[in-house]
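Please consult the sequence and the structure together while reading.

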Amino acid sequence: QVQLVESGGGLVQAGGSLGLSCAANGIIFSINSMGWYRQAPGKQRDLVAKISPGGSINYGDPVKGRFTISRDNAKNMVYLQMNSLKPEDTAVYYCNTVPPIPTWGQGTQVTVSS
């Protein structure tokens, strides 16, 4: 049974930092590219960061230079360190494979106040 569990969100002022974590169970984690997605109210869910099994990384333009994705294959965990947060980063953040499988976790809310 696939289970994706995100944590670490919260309320932060603009310019602040948050670290997100995701536990991925029920998938062969080490062979999958993993990503962090986000969905703001009324908007589509977008991929913001991706990390391949070997550690190659890509970021969406809105987060380049501010967010850092990492993974621990031994623990089936993927992380997202978010720095210099902006109000437009406010969204529910999800982890999933890239491309995503149909199962999604509950996500974790990130709210950045101005």
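## Basis of the report

The structure is a predicted model. The values below are therefore computed from predicted coordinates, and local features are reported where pLDDT is at least 70.

## Aromatic pairs

In one of them, the ring centres of Y37 and W104 are separated by 5.1 Å. Because the planes of these two rings stand at 80 degrees, a value over the 60 degrees required, the Y37 and W104 pair is edge-to-face. This pair links distant parts of the chain, 67 residues apart. Y37 belongs to strand β4 (residues 34-39), whereas W104 is found in the loop between β9 (91-97) and β10 (108-113).

The other pair joins Y94 to W104, with ring centres 5.8 Å apart. Their planes are at 80 degrees, so this pair is likewise classed as edge-to-face. Y94 is part of strand β9 and W104 of the loop between β9 and β10, so the pair ties together parts that are 10 residues apart in sequence. Y37, Y94 and W104 form one aromatic cluster.

## Burial within the cluster

Which class of accessibility does W104 fall into? W104 has a relative accessibility of 28% and so counts as partly exposed, since buried means under 20%. Y37, at 6% relative accessibility, counts as buried. Y94 is also buried, its relative accessible area being 10%.

## The nonpolar core

The largest nonpolar core contains 25 residues. Within this core, the residues with the most contacts are W36, V78, L80, M82 and Y93. Two or more residues are given to the core by each of β3 (18-25), β4, β5 (46-51), β7 (67-72), β8 (77-82), β9 and β10. The largest share, four residues, is that of β3.

What surrounds L80, apart from its neighbours within four places in sequence? L80 is in contact with L18, G19, L20, W36, A49, F67, T68, I69 and Y93. Of these partners, W36 and Y93 are themselves among the residues with the most contacts inside the core.

Notes:
Residues numbered from 1 in each chain as written. Predicted model: local features only at pLDDT ≥ 70, side-chain atom pairs only at ≥ 80, totals over all residues. Heavy atoms only, no water. Phe/Tyr/Trp six-rings, centres within 6.5 Å; stacked < 30°, edge-to-face > 60°. Buried < 20%, exposed > 50% of the residue type's maximum accessible area, 1.4 Å probe, protein only. Core = buried A, V, L, I, M, F, W, Y, C linked by side-chain atoms within 4.5 Å. Contact = heavy atoms within 4.5 Å.
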